Amino acid sequence: MSSSWPSQPPSPSRSERSREFLVSADLYVSNAANATLRKPPALHDSKKVKEKSSWLTLARGSATTGHWRPALCKLTEEGKRCLLNIYVDESILFQTLYIHLVNHTDIRQADTSLFFRKNCLGIYSSHTQRWGQTASTEPVYLQFANPEACNMWLALLRSYSVTEIYGHWMYPEDGGSYRMWRQVEVVVIQARNLGNPKPLDCNVNESSSEPDPIDLDVSCEINLNSITCGRTTVKKCIGSPDWHEGFTFSDLPPFDNLEVIVCREKKMFKPTALGSVCINLMNFKRGELIDGWFPVLRSGPLATDIQVGDIRLKITVDEEIILPSHAYQSLLDTYNTRNFLDWMTDFEKRLKLKTVVPQLIAIGVAQNNLVEKVQELAWREVDGTSSSHQTLFRGNTILTKVMEACMNWYGKAFLEASIGTVLRKLCAERVAIEVDPMRSGGKITAKDVERNVELLIHWCREFWNQIYSVRTECPYEMRRLFETIRKLVERRYNADNAPENRDLQWQSVSAFCFLRFIVPAILHPHLFGLCPGLPSVPVQRSLTLIAKVIQSLANLNATVQKEEFMRGLKDFLRESVPAMVDYILVVSTPSDIYASPSSTGDAGRHERLGIMKAMRERQMGSSRSKLDSEAIPVLPHLLDMPRHLAIITSAVIRNSREFMASPPSEDDRPLREFCSKCFEVEGLALQRVSHIASSIAGQQPYPSENWQSSTLPTTASSNSTPQQPQPQSGRKSSRPSTAPSPIDSSFRSLPPDLDMTAPLSPNNKGSQRRLRHLKSTSTDSIPTRENFSPGSILRPDDLSPDLYDDRKARKGLLRNILRR
């Protein structure tokens, strides 16, 4: 072993080891790291398909940059230390990670698009937090066998990591003042004029001619803090590709910039960067959707930038302070006085708030009453509705919306088992089916139509056979909900034994299981994580025809096809109706007869129970503080009740100001009480943050004059082309404005009247003035000149007094707050 390598950590004696956990996983090894390892043994009898180049596949792969190898992971607890040893080829120690030194936010799930593999975990540790055969700081990516194992090891590793807690020396009974949570959502929609270079300051109106389209194969790479977090699929286009691909990066560490790199793909060559978009996330108001066109730039001669196109992005930045759980107790008591679906109704109708449905679902799952609450609403809607049986469950009501949310929550694995494999096979084979002569413009003959109908029947059978074969794997919670719907409809509409109501009990279940779950996943598989990216137009047409047939089958109607060219499907529909009735009966019967098999064997179950027991002991241990214990996600759904309540609180505050200013009435009394509780939590958060600010600033009073002196760059509307923000000279802002920084006291935010539909222009040297402040938990509690006080200042640096010079702290803090 080379002397330049770090010394391998000594193996502890058996008496020092408290616990050990083992798991088999696939390890991503880059080409540089793979060169130091011996090659894996060749399996001549293996039938594994060779990976193709990215330009040939549905999505851009990673075959050119690294390989996946089987690995054995052993997590060892040694007193206060925790080591994760990763072995390849069963005996070669690849790396040792010091988990007890890794930050909580540096252990998170990797986006599926990064490697186009599911159940991947990323560990982003520095060179001082690991030992390896090579001095590398590359992230460690592990793929687990199933979602349960991935979630379990994510929670287990985080239970040994360092939680991001601020104010450790304050509120010792809680272990600190608060912790932080961050999330960035990005939707890459489309691009235009790619490959047509022009000066950045060129006026579009100066030239009346359209730019010449260029034939390109392009993809996008999304970076956060200079780390690649996601990739789009490769689109073959002529200058204007359409992606419509969304990415959610959650549990993030402090971030600065979001960079979207547009890459050009060429056959047999490594992708090259066509240009990039660099966006300063500190300029974004938290919790609000930004939709706009961003210029794609590349470096030009003489240190100038050249614009090579535009890309349309939707971006939402969230950042929340999470208090200890007891701070939300009063809010939770008010929340529990009603069915959470009634709160959802008030949020949507009175506050125009529709983004907290996942948080409401998570709270219901955590309280173990989600199914009962939905059943209660189903009883009310079926018994109290005046709708006919033909329109029952067809509209967008609160019940149908929450049923969709429940199916998406519980049924991901069931959906994958039902249509995932067959759907990806159809996309990979680029199956193009067209049975309508009018759509083809007369280009297909009668024989072609007949042949395509047979092809359509073949793929409909493939889909239906797979759907039917996994009917017993429907989750227990979904079965209970479907059973409630079926029995309610049967009780109300089948009492008179009318012929038109004979199949209504089955059709009511299919109105949820198929109309709102399986069929939408066939139509839009990329939105359900079933395939990478939007399918091509011919494949989309094939999926549309298949979805139409499957929905007809779910309606138990074999004569619904009115088009002449679809009459060949009648035989398939008629012979499949009995199987559909049996399918609906199975998925709506939560009895032992149709109990779903366990996804893991007895050994896996024993291992899972052992890990959950160890984590419970660690959470309840006397050495862990309240904030530290609550940061460990609760299995199996990785729940975090204080985080869910904090997100709801911030969202309600952002959307309730107009409502709270309106005249009160008796009908809105519960919602006003709930909003008041949210403002109480907000006030407590402000108090805790201001205490840290006062402690760091040494109780220095804040001046009341000239506190607004700052430069405000101009902005562009969402319909114009926004420009990239001007890099600041002299210093680098290392943190967004809604969190304290342990290394820099810089902070920045925007006034409420600033149009943030686009980033700031780099060419504008305007002298407008803006308010400098530290943001609150809702990101909207902006202090005005009249109520400006030390108590309203938010997000100071949170450094321990023994590590921070008081004089420098006061000087740096005030300089960044006031910026004279």
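Author: Start where α5 passes α8 in a right-handed crossing. This is a predicted model, by the way, so read everything here as computed from that prediction. Helix α5 covers residues 340–350 and helix α8 covers residues 398–410. Their axes come within 11 Å and cross at roughly 110°. An angle from 65 to 115 degrees counts as roughly perpendicular, so that is how α5 sits relative to α8.

Now zoom in on the side of α5 that touches its partner: Phe340, Leu341, Met344, Thr345 and Glu348 are the residues to look for. Across from them, α8 brings Ile398, Lys401 and Val402. Sorted by class, the contact has five nonpolar residues, one polar and two charged.

From there, turn to the rings. Searching the whole structure turns up 16 aromatic pairs. One of them joins Phe247 and Phe249, with 6.2 Å from centre to centre and 10° between the planes, which makes it stacked. Both Phe247 and Phe249 are buried. Compare the rings of Tyr335 and Phe674: their centres are 6.5 Å apart and their planes stand at 45°, so this pair is tilted. It also ties together distant parts of the chain, since Tyr335 belongs to helix α4 (residues 329–335) and Phe674 to helix α19 (residues 669–697), 339 residues apart. Tyr335 and Phe674 are buried too. If you'd like a whole group of rings, look for Tyr28, Trp68, Phe115, Tyr124 and Tyr141, which ring pairs link into a cluster.

Thr105 sits in the loop between β4 (92–98) and β5 (107–109). Setting aside neighbours within four places in sequence, Thr105 is in contact with Glu164, Asp251, Leu252 and Pro253.

The other one is Ser552, which you'll find in helix α13, residues 537–554. With a relative accessible area of 6%, Ser552 is buried as well. To place Ser552 against another part of the chain, find Phe514: the two are 38 residues apart along the chain, and their C-alpha atoms are separated by 10.0 Å.

Methods. Residues are numbered from 1 along each chain as its sequence is written. This is a predicted model: local features need pLDDT of at least 70, side-chain atom pairs count only at pLDDT 80 or more; totals for chains, interfaces and linings use all residues. Side-chain values use heavy atoms; hydrogens and water are left out. Helices (H or I, at least four residues) and strands (E, at least two) are DSSP runs, numbered from the N terminus. Buried means under 20% relative accessible area, exposed over 50%, partly exposed in between (1.4 Å probe, protein chains only). Axes are lines fitted to C-alpha atoms, for helices over the stretch in contact, and angles run from 0 to 180 degrees between N-to-C directions. Angles under 35 degrees count as roughly parallel, over 145 as roughly antiparallel, 65 to 115 as roughly perpendicular and the rest as oblique. A crossing is left-handed if the near helix is turned anticlockwise from the far one by less than a right angle, and right-handed if clockwise. Contact means heavy atoms within 4.5 Å. Ala, Val, Leu, Ile, Met, Phe, Trp, Tyr, Cys and Pro count as nonpolar, Asp, Glu, Lys and Arg as charged, and the others, Gly among them, as polar. Rings of Phe, Tyr and Trp (its six-membered ring) pair if their centres lie within 6.5 Å; planes under 30 degrees apart count as stacked, over 60 as edge-to-face and the rest as tilted.
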